[in-house]
Amino acid sequence: MIAAPGHPKDLHGSAPDNHDTALLLIDLVNDFEFPRGEELFAHAQAIAEPIANLKQRARAAGVPVIYVNDNFGRWRSNFTQIVEHCLRPGVRGREFVRRLMPGECDYFVLKPKHSGFFQTPLELLLKHLGAQRLVLTGVSTNSCVLFTASDAYMRDLALAVPCDCVAACNTHEHRFAMDQMREMLKADVSPAREIQFAPAPANAGSTA
């Protein structure tokens with residue numbers, strides 16, 4: 001049952017999920033049409049399938065899925081318009097985005113800078129979802145993923161960053177950031193197949 005509008009626990013009925021874990025997909029709605037975008041795209045292609053499989057398992061367990069995406073300087077656009085842009089013919093990231101398309105039950109947060117927490121409603125959304133643990137996926141490992149992980153750690157959130165679900169422009173940058181998150185932020189960097197999701201609480205909202 002959804003609480004009445006204004007109830008402090010449900011974001012006016014817009015966040016029915018309830019789980020101690022949330023899955024974040026960082027900058028995966030991406031055209032890869034920017035400096036070093038071709039380098040990043042070459043490494044990112046390998047993470048599409050593990051992320052898609054992880055997302056499927058998360059939704060089956062009632063874990064909320066949140067697309068945390070850069071607005072790429074498109075200040076007059078919304079998330080739907082960014083998706084539409086990335087799906088245009090000739091866009092480098094088109095097939096990648098098609099593989100990881102957001103669903104009707106997924107959440108989205110547009111961010112203006114590297115961290116998913118900076119000047120966004122992400123922290124408030126996580127509070128209403130009841131999330132105390134984040135599973136981070138996306139690009140790039142040493143930039144937006146690392147910055148988001150750092151801000152999550154500062155908020156006492158537990159972290160998992162599956163090593164096969166994040167990518168950077170090269171192996172050196174990827175490994176450096178993974179070492180930082182494992183050693184400094186206490187992140188679990190096990191591959192996606194080892195990430196476990198507990199079933200959602202019995203009183204959680206619909207996650208179909």
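Helices (H or I, at least four residues) and strands (E, at least two) are DSSP runs, numbered from the N terminus. The structure described here is a predicted model, in which local features need pLDDT of at least 70 and side-chain atom pairs count only at pLDDT 80 or more, while totals for chains, interfaces and linings use all residues. Residues are numbered from 1 along each chain as its sequence is written, and side-chain values use heavy atoms, with hydrogens and water left out.

## Overall layout

The secondary structure of the chain comes to seven helices and six strands. Along the sequence they follow the pattern β-α-α-β-α-α-β-α-β-α-β-β-α. A residue is called buried under 20% relative accessible area, exposed over 50% and partly exposed in between, computed with a 1.4 Å probe on protein chains only. Of the 208 residues in the chain, 49% are buried. Contact means heavy atoms within 4.5 Å. Among contacts between residues at least 6 apart in sequence, 80% join residues at least 24 apart.

## Arginine 59

R59 is part of helix α2, which spans residues 48-60. R59 has a relative accessibility of 13% and therefore counts as buried. A polar contact is a pair of N or O atoms within 3.5 Å; within protein, one must be able to donate a hydrogen and the other to accept it, and residues adjacent in sequence count only if both atoms are side-chain atoms. A polar atom of the R59 side chain lies 3.3 Å from the backbone oxygen of V63.

## The loop between β3 and α5

The loop between β3 (107-111) and α5 (122-129) holds G116, and S115 lies in that loop too. G116 is buried at a relative accessible area of 0%. Leaving aside neighbours within four places in sequence, G116 is in contact with V68, V109, K111, L122 and T148.

Beyond four places in sequence, the contacts of S115 are F147, T148 and D151.

In α5, the buried residues are L122, L125, L126, H128 and L129. They cover an arc of only 165° around the axis, which puts them on the same side of α5; the arc is that of the directions from the helix axis to the C-beta atoms. What covers these buried residues includes β1, β2 (65-70), β3 and β4 (133-139). G130 follows α5 and has a positive phi, near 80°.

Helix α7 (residues 171-183) has 13 residues and reaches 18 Å from its first C-alpha to its last, close to the 18 Å expected at 1.5 Å a residue. The expected span is 1.5 Å times one less than the number of residues. Buried in α7 are E173, H174, A177, M178 and M181. Seen down the axis, the buried residues of α7 fall within an arc of 125°, so they line one face of the helix. Their cover includes α6 (141-154) and β6 (166-167). The face turned away from the buried side of α7 carries the exposed residues H172 and R175. At the N-terminal end, N170 caps α7 with a side-chain oxygen 3.2 Å from the backbone nitrogen of H172.

## Aromatic pairs

Rings of Phe, Tyr and Trp (its six-membered ring) pair if their centres lie within 6.5 Å; planes under 30 degrees apart count as stacked, over 60 as edge-to-face and the rest as tilted. The structure holds five aromatic pairs. One of them joins F32 and F96 edge-to-face, at 5.4 Å centre to centre and 90° between the planes. F32 lies in the loop between β1 (21-26) and α1 (37-44) and F96 in helix α4 (residues 94-99), so the pair ties together parts that are 64 residues apart in sequence. Ring pairs link F32, F34, F41 and F96 into a cluster.

## Cysteines and a table of accessibility

A disulfide is a pair of cysteine sulfur atoms within 2.5 Å. By this rule there are zero disulfides.

| Residue | Relative accessible area | Class |
|---|---|---|
| C105 | 32% | partly exposed |
| C144 | 8% | buried |
| F32 | 0% | buried |
| F96 | 5% | buried |
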